[in-house]
Every structure is written in structure tokens, then in C-alpha cells.
Amino acid sequence: AEQAKMQAFLAGHHYVSTPFTVESEDWLYTQLYEKALQEGKREEAREIGGRYVEHSLRLFDHFEKLIATEFGTSVKQIYLCHDNRLNTDYLPVLVQKLRDRDYQFISLANALSDPAYSLPLYYHGNFGFSWVYRWIKDIDKRRSLMRSEPVDRETQQAYEALTKSKK
């Protein structure tokens, strides 16, 4: 109900509420990246940036395979990332690596023309995960697929340690 109200508000104010298929937790990586840069640890920052790019590529692979398996087709991917220094420095690297894998970059309108974005949504909660999961009707299957998503444990542990140290 709240989500429907928010969608109506956004539409009423001419905003485009954009679904996404791939998100690589750049918000988590950027916290570690900023800390390393603030401490003058440039090599550590480069390692974090590299892990971010590699993890993102693993997620693109994951969602490509998941979509093919679950829906028998491909989908025009929409990548969610945030405006931060990590993406200022590493999004060009990620984009080039995706181009090397024959990805083509298209407009949002073109991506949204994919019939997948008209599929019914079966999840309307507060968690911001991929629309690919939201298109899965069976809750247990959705959860199982989410658990199969690639995880960068090293970065997650470093982030958890960072957030504990801030308390």
C-alpha cells in the first residue's frame, strides 16, 4: 500500500521510478574506499576498487544466467549505482570491461521497452533488491535464488568491522 502511494506520488510529479536488474553494493565499497583514501592508503583503495569491479562483473554474470534459466530469455539490464568517488574512479573501468563482454549501452527508455519490465511484481517490501527477484512469484524460490547470489565476503567483513568501529 505504501509503495503504491509512493509510485503514484512519483508519477504525479513526473518522476520515473526506475527498476533495476543488477546492483553491486557500491554503497558498501565506497565506505571502505573513502576510508582508505582519507588514510592515504592508495594501494588499499585500488584493491577495493578492483574488488568492486570484479564483484560487479560476477553479478552481471549471475543475473544473466538467472534470467536465462528462470525466464528463458535475456533482459535489457539496468544497473543501479550511486554518485560517489568510487564510481567516479571505477565506473569507467567497469563499463569498459562490460563493453569487452559485448554489452551495449542504451538509453533508459530503450531498456524499459523490454517486456520484462511489464512483468508482475510479487515483492512490494522495503528491501531494495533486483527486479529479477521481484518477478519470482514463489517466495521460497526467490529466497533460494537470492542466497545463490555471489558474495564478496572479504569486503563485507571489512565493512562490518568499519561500522562497528564507528559506534
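## Largest pocket

The largest pocket in this predicted model has a volume of about 520 Å³. Its lining is made up of 21 residues, and those that lie nearest the centre of the pocket are Gln77, Ile78, Gln104, Phe105 and Ile106. Two or more lining residues come from each of α3 (42–71), α4 and α5 (108–112), with α4 giving the most, namely four residues. Sorted by class, the lining of this largest pocket holds 13 nonpolar, five polar and three charged residues.

## Second largest pocket

The second largest pocket has a volume of about 360 Å³ and is lined by 20 residues, of which Glu25, Phe129, Tyr133, Met146 and Glu149 lie nearest its centre. The elements that contribute two or more residues to this lining are β1 (22–23), α3, α7 (139–147) and α8 (153–165), and the largest share, three residues, comes from α3. By class, the lining of the second largest pocket consists of 10 nonpolar, five polar and five charged residues.

One cavity of 30 Å³ or more is counted, and the volume of the largest cavity is about 30 Å³. The residues lining the largest cavity are Glu25, Tyr29, His55, Val151, Asp152, Thr155 and Gln156, which divide into two nonpolar, three polar and two charged.

## Packing of α2 against α4

Helix α2 (residues 26–38) packs with helix α4 (residues 85–100) at an angle of about 105°, their axes being 9 Å apart, and the two helices are therefore roughly perpendicular to each other. On the α2 side, Asp26, Tyr29, Thr30, Tyr33, Glu34 and Leu37 meet Arg85, Leu86, Asn87, Asp89 and Tyr90 of α4; by class, this contact has five nonpolar, two polar and four charged residues.

Terms used: Residues numbered from 1 in each chain as written. Predicted model: local features only at pLDDT ≥ 70, side-chain atom pairs only at ≥ 80, totals over all residues. Heavy atoms only, no water. 1 Å grid on protein atoms, 1.4 Å probe; cavity = no way out; pocket = protein on both sides within 12 Å on 5 of 7 lines; lining within 4 Å. Points joined across faces, edges and corners; volume = space filled by probe spheres on them. Nonpolar A, V, L, I, M, F, W, Y, C, P; charged D, E, K, R; others polar. Axes fitted to C-alpha atoms, helices over the stretch in contact; angles between N-to-C directions. Parallel < 35°, antiparallel > 145°, perpendicular 65-115°, else oblique. Contact = heavy atoms within 4.5 Å.
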